[in-house]
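Reader: I'm new to this one. Can you walk me through it? Let's start with overall shape.

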Amino acid sequence: MRPQLIEKRCPAQRQMCLAIQACTTGAISYVEDASAPLGGQILFDYARCDQCGHCATACCGHAIEMVE
């Protein structure tokens, strides 16, 4: 299983994202993107992800689901 972002639930704010802090492998990052509705987006590096699910648990907006 791997994390998948539900964009409509995600505020995409670096300061607010508890999932970034919860990721023990550094597989989640915030990237500024002027074309994104809130000026940035949350990205997953699946090569670094160990599929632990800590990000989905920590996400305050319930914007991360673990999927097959």
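Author: With 68 residues, a compact globule would have a radius of gyration near 11 Å, and the chain has 11 Å, so the two agree. That radius is taken over C-alpha atoms, and the globule rule is 2.2 Å times the number of residues to the power 0.38. Along its principal axes, the C-alpha trace spans about 30 × 20 × 20 Å.

Reader: What kind of model is this, and how are residues numbered?

Author: This is a predicted model: local features need pLDDT of at least 70, side-chain atom pairs count only at pLDDT 80 or more, and totals for chains, interfaces and linings use all residues. Residues are numbered from 1 along each chain as its sequence is written, and side-chain values use heavy atoms, with hydrogens and water left out.

Reader: How many helices and strands?

Author: The chain has 2 helices and 4 strands. From the N terminus on, they run β-α-β-β-α-β. Both kinds are DSSP runs, numbered from the N terminus: helices are H or I with at least four residues, strands are E with at least two.

Reader: How much of the chain is buried?

Author: Of the 68 residues, 31% count as buried. Buried means under 20% relative accessible area, exposed over 50%, and partly exposed in between (1.4 Å probe, protein chains only).

Reader: Which residues touch the most others in the largest nonpolar core?

Author: L5, I28, I42 and I64 touch the most other members, out of 16 residues in that core. β2 (28–32), β3 (40–44) and α2 (54–58) each supply at least two residues of this core. A nonpolar core is a set of buried Ala, Val, Leu, Ile, Met, Phe, Trp, Tyr and Cys residues joined through side-chain atoms within 4.5 Å. In soluble globular proteins, nonpolar side chains tend to be buried together.

Reader: What does I28 touch?

Author: Not counting residues up to four places away in sequence, I28 touches A19, I20, C23, I42, L43, F44 and C55. Contact means heavy atoms within 4.5 Å.

Reader: And V31? Where does V31 lie, and what is V31 in contact with?

Author: V31 lies in strand β2. Leaving aside neighbours within four places in sequence, V31 is in contact with G40, Q41 and L43. V31 is partly exposed, because its relative accessible area is 33%. V31 and A12 are 19 residues apart in sequence and 9.1 Å apart in space, C-alpha to C-alpha.

Reader: Let's switch to A12. Is A12 buried or exposed?

Author: A12 counts as buried, because its relative accessibility is 9%. A12 is in the loop between β1 (2–5) and α1. A12 also has a positive phi of about 45 degrees although it is not a glycine. Most residues other than glycine have a negative phi.

Reader: What phi does H62 have?

Author: H62 has a positive phi of about 50 degrees, and H62 is not a glycine. H62 sits in the loop between α2 and β4 (64–67). At 56% relative accessibility, H62 counts as exposed.

Reader: Back to the loop between β1 and α1. Is E7 buried or exposed?

Author: E7, which is in that loop, is exposed, with a relative accessible area of 63%. The C-alpha atoms of E7 and G61 are separated by 10 Å, and the two are 54 residues apart along the chain.

Reader: Last one. Where does G26 lie?

Author: G26 lies in the loop between α1 (18–22) and β2. At 36% relative accessibility, G26 counts as partly exposed.
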